[in-house]
Amino acid sequence: MLNLTATDVRMNAQATNKDEALSLLAKILSEDGLATADYLAGLQAREAQTSTYLGQGIAIPHGTPESRSFVQQTGVRLVHFADGVVWNDDGERAYLLVGICAKSDEHLSILRQLTKALGDDIEERIKHATSADELLAILDGTGNCSLSIHENLIKTDINAKDADELYGVAVSLLKQQGKLVIATGIRPSFTKLSEAIYCATLEHDELVAEPAFALAVAKGVVKLGHDDMRALAVIASNQTVNQDKLLALYDVLLSAEFGGKLQHASLPELVTFLGADKAEHWQSASVVLPNAHGLHARPATALSELAKGATGELKVAVDNGAYVSAKSLTKLLSLGATRGQSLTFIAEPNTDAVEYLPKLIQAVQDGLSEEVTPISNSQADSQESGKENHEPAVLDLTDNTAIIKGERTHATSASAGLAHGEAFVVRQVRFDYPVQGGDKASEWASLQQAIGSVKDELKVIVQTAKKASIAQIFTAHVALLDDEEVTHGAKDGIDDGLSAAAAWHAHIEQLAKVQASVANHLLAERAADLRDVGQKVLAKLTGQAVATEPAEPYVLIKEDLLPSDVARLDPARVAGILTAVGGASSHSAIVARALGIPAIVGAGKGVLDINDGEQVLIDGGQGWFVVAPTDEMVAVAKAEQASWAERKRLASEAALNPAITQDGHQVEIAVNLGNVHDTKMAVESGAEAVGLLRTELVFMSHQSVPDIDTQVADYTQVFDALDGRPLVVRTLDVGGDKPLPYLPMPFEDNPFLGVRGIRLTLRQPALLENQLIALIKASKGRDLRIMFPMVGRLEEWHDAKAILDKVLTDYPHDKLQVGMMIEVPSAAVMADIFASEVDFFSIGTNDLTQYALAIDRGHATLSKDADGLHPSVLRLIQNTVANAHAHGKWVGVCGELAGDERAIPILVGLGVDELSMSAGNIALAKAVVRELNFADCQYLAKKALSCRTAGEVRALVMGV
Ligand code: PEP
Ligand code: MG
């Protein structure tokens, strides 16, 4: 370790006092050509300042800086005094002198290595050493023969559910600190040490990089069989373990005081009690950012300039995110900090950076050279590390319906059907890793290694994927990890002193934020891919496990389901879906319906606390789920599932038959399409028409605005597949949550109330004109029905109609019907006026409900209350239908309500002529209509109109 050989050691030295010993050392150094005889004065002067006694019988005499001129060659000599020499006023004896002759501060590294010896009881061995080799072995062995007991291997207040989870925490601490080569999944047996205290020993020469002790303490107690477990000590050991230290550790763990400490002591007290090495603490201070436009270029420049004044390191993180250098402008910008977010600064210990903390806090509070309105003072108070963190209090807007095991919990029905299986909860994983890195080269190497092994795993998934769409997703993930911009970007962070994990996390977050800010939501969703890949690498680096899907069909539980999740979902394995947020017309619901997987959405954050592997039963049609259902519940549900499957089977068999009620009233059942290729499949599923072709989705499949010919080709596919059946086409409905990448829109505060639908195309008349031309050309005289989206005012209808009339003068069409969507409440209220001018209405209940109830249809927690069966919405539908019929015009419903089994009797009763829905709902919707009696439906609808709440309406239809 010291790179010394036996020739550097002098055994059997004699001295009666320190002066004699120093003279002897100076003589040896001079004889060996390391220093002139004058160096002795330097050694003496240094001792006069402070004793160089290190401990464990070792002293490290070295010259003062002034005496460095007498050094001829840097080197070290060891002199062994078997009888020892009194070295300081306390009477401590030095048996070994490590004499240092150094031109600069090389002695510091020797000192660092020797201080490790102090952790072990080597004084007796040093004293009794009889040979140079033995002496060197003792010193050399200090690094190898060890047992690390360190603060960063102790974790308290762990929210664990069971003993395995506590074990997992201890193992990941060991992995993070480099004590384990991999976070082994092998779980040794747990040995009880005392009441609720257990120990596990991981003994392995290859797996254990360095013997160490980790302690995981639960917040309360967790179960191990029938017994309680409060704390689990994991001892990672190999043949180099320091047995004496290990025995001493066991003594401490078995002591009665230890049990007491676990109950009452704070983490620092526990660390002291165990005699663990303490982590160097970076002092921290937090402040709330008051700048209206966040940490943009100007304030970020002011901040980095100020931070650069410190020679020590200063880092900053937003809220609880990753730390970046506060001196780097680009890193500060990458944080994307917004007003109200909390900035936490940390300063390198023992440097001037610590003094910069208050200066930085003050500068942020002063606005970083911008005028600011202060945010609450209590939030802006800086805090020292270790004190409570006063983050800005954010209102908790989530619904937290209590989930009682074995009982039904109700939420929003999103996709009908019953599902039963093990819960698989996809949670936001929090990775634990040190911010500060160790040796840069090894941090970089471990990052490369983690990336490499994630890539290897992904390649296996690609090769074994049964669905092309899944293979494509993971091929794209491999490509991300092949991209040097992604993989090499973290190098800066490592060079700045961050750990591989911290640097990687910061870099991926920065890339993801940039990606997420892209206007096109499809491209923006690629940010999720980056984060996905990023997490996999982080998991490798920290040794934390990422959950793997159960082998059996399972119930997928997630915060929300994104459209980009669609390709990842394998309906053969996902029996059901349960989400914390979302409503019936939210993306998650539409995705689930499209996949035909039973689903419940908007069930509240509590679902994320369901244990993995717990049995869950869901009824997507009725909107309830049960955690840990009884066998009887499952049996009943299975019987219902069988009859539901049978019902679906019978419905599919009759899918091509018309939907005529028992008393002879026919309703047209049509399909909603977002891509032209699905038309044939929809017709085969029983669609009698296309009731809504969402052309903005057709446009999105092109890289730029499709010209007339391209559009003609697209629409022709639909007409051909329809084989004479009617086609209702909606002109471009861009804006709101559906931006087109090649149609950049200025930022709007409220895009759903902004330039959306017809408001946009009226501002781009050529776009509308070309689309209308393409539609008429493609139809070749076939049954074409064109409608305009988001019409709210009569002027909009007139303006759109004028553009169409102009097109029709050049491209006449005999069979064309022209209508409008009813999705803005003003249009529904004014239906009598519009009805006299249109050929038909199609009611978009998704938007109509959103605007009538003023609930964002995609709102994470509110959208479950955006129920299209709310009496206010039903009254708008009733007014629309009544006025249309009074003018001899037909009305369709193309919102998600049209495919809702519970809503169908009411919509039919209100007189709706056409129901347009996802292809998957068609057969069942037809079967439902066939079971109805029109006169009963009219009565039901009347009653529904006089209900006071959506709940009352739903209760009404449950009784049908
Ligand atoms: C609606 O609003 O109900 C509708 C069908 O249109 P979209 O969902 O495409 O906005
Ligand atoms: Mg709409």
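Q: How many salt bridges does a search of the whole structure find?

A: Side chains of opposite charge can pair when their charged atoms come close. In this predicted model, the search finds 38 salt bridges.

Q: Where do Glu 31 and Lys 27 lie?

A: Both are in helix H1 (residues 18–31), 4 residues apart, which is about one turn of the helix. Glu 31 is exposed, because its relative accessible area of 53% is over the 50% cut-off.

Q: Which parts of the chain does the salt bridge between Lys 455 and Asp 482 link?

A: The closest N and O atoms of this pair are 2.8 Å apart. Lys 455 belongs to helix H14 (residues 440–464) and Asp 482 to helix H15 (residues 468–482), so the bridge links distant parts of the chain, 27 residues apart. Lys 455 counts as buried at 17% relative accessibility, while Asp 482 counts as partly exposed at 47%.

Q: Is Lys 926 buried or exposed?

A: Lys 926 is buried, with a relative accessible area of 0%. Its salt bridge partner is Glu 688, with the closest N and O atoms 3.3 Å apart. Lys 926 lies in helix H34 (residues 922–931) and Glu 688 in the loop between helix H23 (679–684) and strand S25 (690–694), so the pair ties together parts that are 238 residues apart in sequence. Glu 688 also counts as buried, at 17% relative accessibility.

Q: What surrounds ligand 1?

A: There are 15 residues around ligand 1, and the closest include Arg 694, Gly 844 and Asn 846. A polar backbone atom of Asn 846 is 2.8 Å from an oxygen atom of the ligand. For Asp 847, an N or O atom in the side chain is 2.9 Å from a ligand oxygen. The protein covers 99% of the 290 Å² of accessible area that ligand 1 has on its own.

Q: Which residues make the nonpolar surface patch of about 250 Å²?

A: Val 829, Met 830 and Ile 833 make it. Met 830 sits in the loop between helix H29 (825–829) and helix H30 (831–835), and is partly exposed at a relative accessible area of 40%.

Methods
Residues numbered from 1 in each chain as written. Chains lettered and ligands numbered in written order. Predicted model: local features only at pLDDT ≥ 70, side-chain atom pairs only at ≥ 80, totals over all residues. Heavy atoms only, no water. Patch = residues over 30% accessible without salt bridge, like charges linked within 9 Å, V, L, I, M, F, W, Y side chains within 5 Å. Areas by Shrake-Rupley, 256 points an atom, 1.4 Å probe, with all protein chains shown as cover. Salt bridge = Lys/Arg side-chain N within 4 Å of Asp/Glu carboxyl O. Helix = DSSP H or I, 4+ residues; strand = E, 2+ residues; numbered from the N terminus. Buried < 20%, exposed > 50% of the residue type's maximum accessible area, 1.4 Å probe, protein only. Near = heavy atom within 4 Å. Polar contact = N/O pair within 3.5 Å; in protein donor to acceptor, adjacent residues only side chain to side chain.
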